[in-house]
Amino acid sequence: MDMKLLREHVSDVLRRECSLDRVQKNSESTGDLDLNLRKMAGDLGWISMCVPEELGGLGFGSRAACVMGEEAGRALAPESLTILLLAAPLLARHAPPLVRDRYLDRALAGELRVAVDTSIETPTVGLERVVLGAADAELVLFALPSPGGESVELGLIESAEGVSLRPAEAWDPTRRLSVATIEEAAIFHRLGEEAHRAAVRLMALLTAADSLGAWDAICRRTVDYLGVREQFGRKLGSFQALKHRLASLHADHHLKSALIEFASIEDAADPVLAQSWALLAKTEATNAAAFASEECLQLHGAIGFTWEHECHLFLKRTRLNQALVGDNDTLRAICGRHLTSILVEPAAHQDVLDAVR
Amino acid sequence: MLSVSDPREEGLSFREGVRRWVASNAPRDWREQLVDASEEEVEEFLIGWMSTVSAGGFAVPTLPPDFGGAGLSFDEQIVIIEEMARADTPPLDMFMVTRTHAPLTILEWGTPEQKQKYLPGIASGDLWCQGFSEPNAGSDLAAIRTSARREGDLLLVNGQKIWSSFSRRARYCLLLARTNPDAPKREGISYFLLDMSLPGIDVRPTRQATCNSDFSEIFLNDVAVPLDAVIGPVDGGWVVAQSTLAAERGVLAFERVERLWHHFIRFIRRAKAEREWWLSDQQKLAEAASLLGSLQAERTLIRRFVSSEDASTDLTGLPPVIKITSTEIAQSVADFVIRVSGIRSQLYRNGFEQDCTSPMFDYIFTFGNTISAGTNEVMRNIIAERVLGMPR
């Protein structure tokens, strides 16, 4: 699959179907933007792309997921496209056959409503957790300790089986958060540690990619604005102090894009290493994108502080991304511990390196 | 000595062949041996290594066989850099101009006679230097004042060049001088292949903040240069100079980042062996992760840029991005290594390139790269105006 073509296709569709105007209107009311996009993504085969071929998908892997995730961030798209890109390969590969048969086809068609634990890396203590997704979700994916408590597993619970969801008002108006309460007597499926690692890796990559897209979009808008806005008798964009800030963001964007690309290369040989690179891509890209959104709001001046202007949407979206998957400071330390252990082993990174070439 | 083509005749992959060549030809334990060596001794050692590299065909791997090169592909050159970085062979920074700027410029702009005259020497390791910057022409390179005045069949060159690395020992210099003082700034400059043994050339070392004196000033006093030392059109040297810098295609940045990646990992390995305190500090582990991520990202970014077949992303505008990010990451790595090394980092120790064994040396050394080849501030202007299209 040519990733450039995929990007152009997804970007074209989202520019049309998920314009800024629609996103803003949708955030003011309970619009049907999410439902429409989800179904369209199913019709266009987007959800199948990241499901392995032997399980009924197209097998383009997490690289394709990242390309679509990035475009979703650029368009400030509602959450369910990204959630289905995450849930479909997990259902296909890790769900018990009965569950898979009940839900996978509807997921691929863009019909399934899923919510996913925002703290997927580390299980939340207690029965209540914040999930990404609407309160009408049919399935919830969440992290839970393994029976012995020594590791973490991915859990899947059907909404009829003992989980109650209520909407939570999120600061990010472009996506929905809910609070899921798992009842004491709930019946849920343990999908195992491997499923958990896969979920963490893919959600980290999708979140990183979302931030990367949002970052690029707001920087482009800011460059355009500074190219027309005049003060002191000249275009604001002609001031070197402002130019350098955008140039720095541009350079760093390339770097974070490369990190996500590297982390999204399939590397089953060492799952801990693969997960560490994905989590690191998430912490680095989401932190940098939140900084870029701050810079852009500041560079817009007072207009950027208004509700009508889109700056705050990007700031809030990139802020939420920082908090998804797990806390960035904690995750970076975990990555540091893994990477400093694994990479010092001779030839630990050899195969990945050759794959890049 | 094994030459580069031999391993392939034995059915090994190119990478395996290079790896075998490196294993049997690269000196061992050379860093330990050079710790207390004088600058002269280090340079002698590096010249010796360069002649080994040249004999293997690796000095300028892509140079065509007609000119004494190995005629390897660009991708093969990348493999050579990777394998030498992995094996920690001695650095070849001293021969940077020899390995990239000189051959690429001469291949693109040289006459057949110039190619025959200079390229075989380059393939066998002649040391070249660069004479671009002047006291009043740094970021504003086109402001150079060194002049070359026609005098019969000769040009008389007068002026002063600065920041010219290893020119003390150089055999030739890539020199920019003004041949037409009346033309607009960029249109009166010519590009010379200057023989450094000519009378009237005085080279005086400049001590740098690292304590070393790689740099020299070059004083040119009525240096009589033959007309055939001009490369490219007379008065058209500005364009030649641009293509010299562009032709490098990120290979130097690639080599630096690749070597730094391995040096930083070796640094972590030593820290593990010594049970250094910072490996159990959450904040320091987080910082180390960020730096590893940045280095890995930079490796991926430059590979994307240098690998010829990848057309999935728009690559125009990447050179200034690579310049800024790669040099600033190197500075951050040096800063980190200083902080986790504590007071030991403040005890003087000589260094070679950025190998993480002398943290303060490394740190000061990194400014050489954030400043040279267009300061990072000039690069930010280029990104803003030419890539992002912001108003001048």
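In this predicted model, the side chains of R304(B) and E261(A) form a salt bridge, 2.2 Å from N to O. The rule finds 2 salt bridges across the interface of chain B and chain A. The largest share comes from α10(B), with 18 residues. By type, the residues on this side of chain B divide into 23 nonpolar, 10 polar and 17 charged.

The interface can also be described by its contacts and its area. In chain B, 50 residues are in contact with 42 residues of chain A. The two chains bury about 4,000 Å² between them, and 65% of that is on carbon and sulfur atoms. Polar contacts link 12 residue pairs between chain B and chain A, both residues at pLDDT 80 or more.

Now take two single residues, one from each chain.

| Residue | Helix | Relative accessibility |
|---|---|---|
| D210(A) | α7 (residues 193–228) of chain A | 2% |
| A23(B) | α2 (residues 14–25) of chain B | 46% |

Is D210(A) buried or exposed? D210(A) counts as buried because its relative accessibility is 2%, and the cut-off for buried is under 20%. The side chain of D210(A) makes a polar contact with the side chain of R317(A) at 2.8 Å. Beyond four places in sequence, D210(A) also touches other residues, including G69(A), E70(A), T82(A) and N321(A).

A23(B) counts as partly exposed, because its relative accessibility is 46%. A23(B) lies 61 residues from M84(B) in sequence, with their C-alpha atoms 9.6 Å apart in space.

Methods
Residues numbered from 1 in each chain as written. Chains lettered and ligands numbered in written order. Predicted model: local features only at pLDDT ≥ 70, side-chain atom pairs only at ≥ 80, totals over all residues. Heavy atoms only, no water. Helix = DSSP H or I, 4+ residues; strand = E, 2+ residues; numbered from the N terminus. Buried < 20%, exposed > 50% of the residue type's maximum accessible area, 1.4 Å probe, protein only. Polar contact = N/O pair within 3.5 Å; in protein donor to acceptor, adjacent residues only side chain to side chain. Contact = heavy atoms within 4.5 Å. Buried area = accessible area lost by both parts, 1.4 Å probe. Salt bridge = Lys/Arg side-chain N within 4 Å of Asp/Glu carboxyl O. Nonpolar A, V, L, I, M, F, W, Y, C, P; charged D, E, K, R; others polar.
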